[in-house]
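Good morning, and thank you for making time for this presentation. I would ask you to keep the sequence and the model in view while I speak.

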Amino acid sequence: MKTKIRYIRQEKGINQQELANKVGVTRQTINALENSRYNPSLILAYKITKALNCEYIEDVFILENDNMNDEN
Amino acid sequence: MILDIYKDSLEYSLQEGKTLLKLGVMMFFSFLILPIFLVLGYYYRVLDTATHGMINGDDKLPKFDDLTSMFVDGLKVFLVKFIYLLIPCIIFLASLIIGGQISGLNNNVGSGVMFVGIIISIILAILFYFLSIMAVSNMVANNGSIKDAFDYKSIWKIISNVGWLRYIGFYLGLIIIITVISIIVGIILALIWITLGISGAFVSAFGLNIGLIIGLLITISVYLFLISPYLTIFESRAIGLIYEPLDGDD
């Protein structure tokens, strides 16, 4: 799963630690998410979306075609 | 996230029984020395998948093919670990030799030198052990370049990014999980063994308790062909997932 977290975060001038504190995870978790190394839970994805002031989870997280095919 | 890494690694290792058996066979023949490198080569492949993979993703177990390249990869892992642990070993031996020689002149000073040397080498052995784990991951993540296994600056930075305490805590957690699994499986197998032995259901005409022998064979087989490979894959997967590439900084 790819994300736009780094892009949105930098645009808003927030660093990884600040975002991590906002959503209650470690900085390493944010780093792993930004590097597509971590598939988050729905709750965490929602919290990050809200912390970045975005409306929809899809604004931040990109579900790739491969993932969607797996679900079918 | 660390709990997610453990969970992912526990599930990941269960994907394919056939692979566990193949790895178990290699482990069984490890006394012939050469298969050790194949086991390490598979460890390398699992690390490779993990360092490029995703926690809670759908990474597959690597294939057990191309044994030549697997052997070479295993050799690299061995070499890196060996060189890392060589330094504390040299300090340990040097402190014994120097301390021994000084003891000939002054016993108290000689013993002191030996004691300090041993303490320093133990501390260094622990430090270099943790460095060697990340060094192998860094090598694997950088297409197997041995140079990257000795890029101390990057390795130190990678561990600092993870956090030394977090990294050591994570590894202690791994050891606890491995111990708990081993104990639980051990208890189950011991119960089977005892039941087979005590029941006397398999006592041969010559009074030989075959149940005990069957139980022992089951215990050894399960440990060797299933549990050991499972725990090896579990450990390498988890180590690969804790690795953070440097380009992902703030």
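**Two helices of chain B, and what surrounds them**

Helix 4 of chain B and helix 5 of chain B are roughly antiparallel to each other, a term that applies to angles over 145 degrees. Their axes come within 8 Å and cross at roughly 175°, with helix 4 covering residues 67-105 and helix 5 covering residues 107-141. Axes here are lines fitted to C-alpha atoms, for helices over the stretch in contact, and angles run from 0 to 180 degrees between N-to-C directions. By class, the contact of these two helices has 24 nonpolar, ten polar and two charged residues. Ala, Val, Leu, Ile, Met, Phe, Trp, Tyr, Cys and Pro count as nonpolar, Asp, Glu, Lys and Arg as charged, and the others, Gly among them, as polar.

Before I continue, a word on conventions. This is a predicted model, in which local features need pLDDT of at least 70 and side-chain atom pairs count only at pLDDT 80 or more, while totals for chains, interfaces and linings use all residues. Residues are numbered from 1 along each chain as its sequence is written, and chains are lettered from A and ligands numbered from 1 in the order in which they are written.

Let me stay with helix 4 of chain B, where Cys89(B) lies. For reference, a residue is buried if 20 or more other C-beta atoms lie within 10 Å of its own, exposed if 12 or fewer, and partly exposed in between, with C-beta atoms placed from the backbone. Cys89(B) and Leu124(B) are 35 residues apart along the chain, and their C-alpha atoms are separated by 9.2 Å.

I turn to chain B as a whole. Chain B has nine helices and zero strands. These elements are DSSP runs numbered from the N terminus: helices are H or I with at least four residues, and strands are E with at least two. The C-alpha atoms of chain B fill a box of roughly 70 × 55 × 35 Å along the principal axes. Of its 250 residues, 29% count as buried. Among contacts in chain B between residues at least 6 apart in sequence, 69% join residues at least 24 apart; two residues are in contact if their C-beta atoms, placed from the backbone, lie within 7 Å.

Which residues have the most contacts inside the largest nonpolar core? They are Val39(B), Tyr43(B), Leu47(B), Met134(B), Ala135(B) and Val136(B), in a core of 57 residues. Such a core is a set of buried Ala, Val, Leu, Ile, Met, Phe, Trp, Tyr and Cys residues joined through C-beta atoms within 7 Å. Helix 3 of chain B, residues 34-51, gives the most to this core, with ten residues. Met134(B) touches Ile155(B), Ile158(B), Ile159(B) and Tyr243(B), leaving aside residues up to four places away in sequence.

Helix 1 of chain B, residues 2-12, has Ile2(B), Ile5(B), Asp8(B), Ser9(B) and Tyr12(B) buried. They lie on the same side of helix 1 of chain B, because they cover an arc of only 120° around the axis, the arc being that of the directions from the helix axis to the C-beta atoms. Leu3(B) and Glu11(B), on the other side of this helix, are exposed.

Two loop residues of chain B deserve mention. Most residues other than glycine have a negative phi. Asp66(B), in the loop between helix 3 and helix 4 of chain B, has a positive phi near 45°. Asp66(B) is exposed, with 12 other C-beta atoms within 10 Å. Asn143(B) sits in the loop between helix 5 and helix 6 of chain B, and its phi is also positive, near 55°. Asn143(B) counts as exposed because it has 8 C-beta neighbours inside 10 Å.

Finally, chain A. Its secondary structure comes to five helices and two strands, running β-α-α-α-α-β-α from the N terminus on. Buried residues make up 31% of its 72 residues. Gln16(A), in helix 2 of chain A, is buried, with 21 other C-beta atoms within 10 Å.

How many residues does each chain bring to the contact between them? Chain A brings 15 residues and chain B eleven. Helix 3 of chain A, residues 27-34, supplies the largest share of the chain A side, five residues. That side divides into three nonpolar, nine polar and three charged residues.

How values were computed. Parallel < 35°, antiparallel > 145°, perpendicular 65-115°, else oblique.
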